[in-house]
Amino acid sequence: DAARVTVLGLGLMGKALAATLAKAGHATTVWNRTPGKAADLKSQGIAEAATLSEAVTASPLVVAVLLDHASVHDALDPVVGELSGRTLVNLTSTAPNQARELAQWAAANDIAYLDGGIMATPDMIGQAGSSILYSGTESVHAKYKPLLELWGEAAYFGDDAGLASLWDFALLSGMYTMFAGFYHGAAMVASAGVSADAFAARAVPWLTAIAPHIAAQAPAMDSGDYSTDVQHLNFTKAAADSIHQAGVDAGINPVVFAQFKALVDQQVADGHGAASFTRVFESLKNSGK
Ligand code: NDP
C-alpha cells in the first residue's frame, strides 16, 4: 500500500527524500519555509502545500528534514494540534538529548515519534551504501520499514530516541578524526613538496588495509583484558614520540597527533606500559577517570 507522506524541508536532503518517495509511487506532499523551492519536484508529481498546516494534514506520516533542533520546534510548535494523532519521523540532525526532548514533546502531544540519523549525502539516497539509523517508537519503524528502506538501509537501535543520533555522531566522530589524521599526514609530506593527491594515493590503500584492525581491538575494549605480546604501550610511546617530533621538525601544527600522543603518555604514566596500546580507550571512557 503506497502511503501518503509529507516531507517538511526542501534543502538538498529533503528534496532527495521526497523525490525517492514519489518515484516509488507514494502520494508525496512537500513544504518549505521559504516558498519556491519545489519547482523541480512538481514535475515529478509531488504536491507543494501552500501552508504548513495543509502539509501536515495531507498525510498520516510527516517527515521533518530541517536544519537543527531549534528549527524543528520553530516549524512544528505552531501546528502541534494538527500533528496530534499522526506519525513524525524526524531526520533533522540533532544531538541525542535534543532527540530525547523531541520524543517527550511528541509523546505529550499524542504524536508517534521516530528519530533518524542519515548516514548518506543527498546523492546517495536510494542508492547502495546509503543508510539511516533509527530509534524511538518501534511500531513506527516496523510499520513503515518498507518505505524507509526506499532511502537506504533502515536499521533500528532501540526505543530511546537518542540512540540513533548517538550512533550517528559516534560514527561521524570516527570519520572526522580519520580525515584529521589524513590532513596531518598530508601536511607532513607537504613539507617535502609532496602533493595531497600523491599522499592520498598511498593513504587510501594503507587505511583500507588497516581498517580491519578496528574490529580486532574490540574484544580487549569489551573485556578490559589488554594483555599483549605485541605493540605494548611502551613501544607505542616511542613511536608516538617520534611521529610527533617528525611533525614538529617538519614545521607543521602538531595539534592532531598530539592528542593521540597525550592519551598514550597518560596510560604509560599511569603504569600501563606493558599493556596493549588499545588501552588508550580507557583514557577516553568516563572522561578518562
Ligand atoms: P539545507 O541547509 O540544504 O536545508 C535546511 C532546511 O531547513 C531548509 O529547507 C530550510 O528552509 C529549513 N529551515 C532552516 N531553519 C528553519 C526554521 N527555523 N524553520 C523552518 N525551516 C527551517 O540542509 P540539508 O537539506 O542538507 O540537511 C537537512 C538535514 O539533514 C540537516 O539536519 C542535516 O544535518 C541533515 N543531513 C544532511 C546531510 C547532507 O549531506 N546534506 C547528510 C546527513 C544529514 P529555508 O529554505 O526556508 O531556509
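A: On the face of helix α6 turned away from its buried side sit the exposed residues Q104 and A108. Helices here are DSSP runs of H or I with at least four residues, strands are runs of E with at least two, and both are numbered from the N terminus.

The model is predicted: local features need pLDDT of at least 70 and side-chain atom pairs count only at pLDDT 80 or more, while totals for chains, interfaces and linings use all residues. Residues are numbered from 1 along each chain as its sequence is written.

Helix α6 covers residues 96-108, and its end C-alpha atoms are 19 Å apart, which agrees with the 18 Å that its 13 residues should span at 1.5 Å a residue. That expected span is 1.5 Å times one less than the number of residues. The buried residues of α6 are P96, Q98, A99, L102, A103 and A106. Seen down the helix axis, these buried residues fall within an arc of 160°, so they line one face of α6. The arc is that of the directions from the helix axis to the C-beta atoms.

What do the buried residues of α6 pack against? Their partners are α4, β5 (87-90), β6, β7 and α8 (163-190). Two residues are in contact if their C-beta atoms, placed from the backbone, lie within 7 Å. Just after α6, D110 takes a positive phi of about 60°. Most residues other than glycine have a negative phi.

Helix α7 (residues 138-148) can be read in the same way. Its buried residues are H141, L147 and L148. Down the axis of α7 they fall within an arc of 105°, so they line one face of that helix. The face turned away from them carries the exposed residues S139, A142, K145 and P146. The buried residues of α7 pack against β6 (112-119), β7 (131-136) and β8 (153-156).

The ligand is surrounded by 21 residues, the closest being G11, M13, R33, T34 and S93. Helices α1 (12-23) and α4 (69-76) are the elements that give two or more residues to this shell. The shell divides into nine nonpolar, nine polar and three charged residues. Ala, Val, Leu, Ile, Met, Phe, Trp, Tyr, Cys and Pro count as nonpolar, Asp, Glu, Lys and Arg as charged, and the others, Gly among them, as polar.

As for the whole, the protein chain has 13 helices and eight strands. Buried residues make up 35% of its 289 residues. The chain is divided into domain 1 (5-159) and domain 2 (167-288), with bounds from an automatic or database domain assignment. The C-alpha centres of the two domains lie 38 Å apart.

Terms used: A residue is buried if 20 or more other C-beta atoms lie within 10 Å of its own, exposed if 12 or fewer, and partly exposed in between; C-beta atoms are placed from the backbone. A residue is near a molecule or strand if its C-beta atom, placed from the backbone, lies within 6 Å of it.
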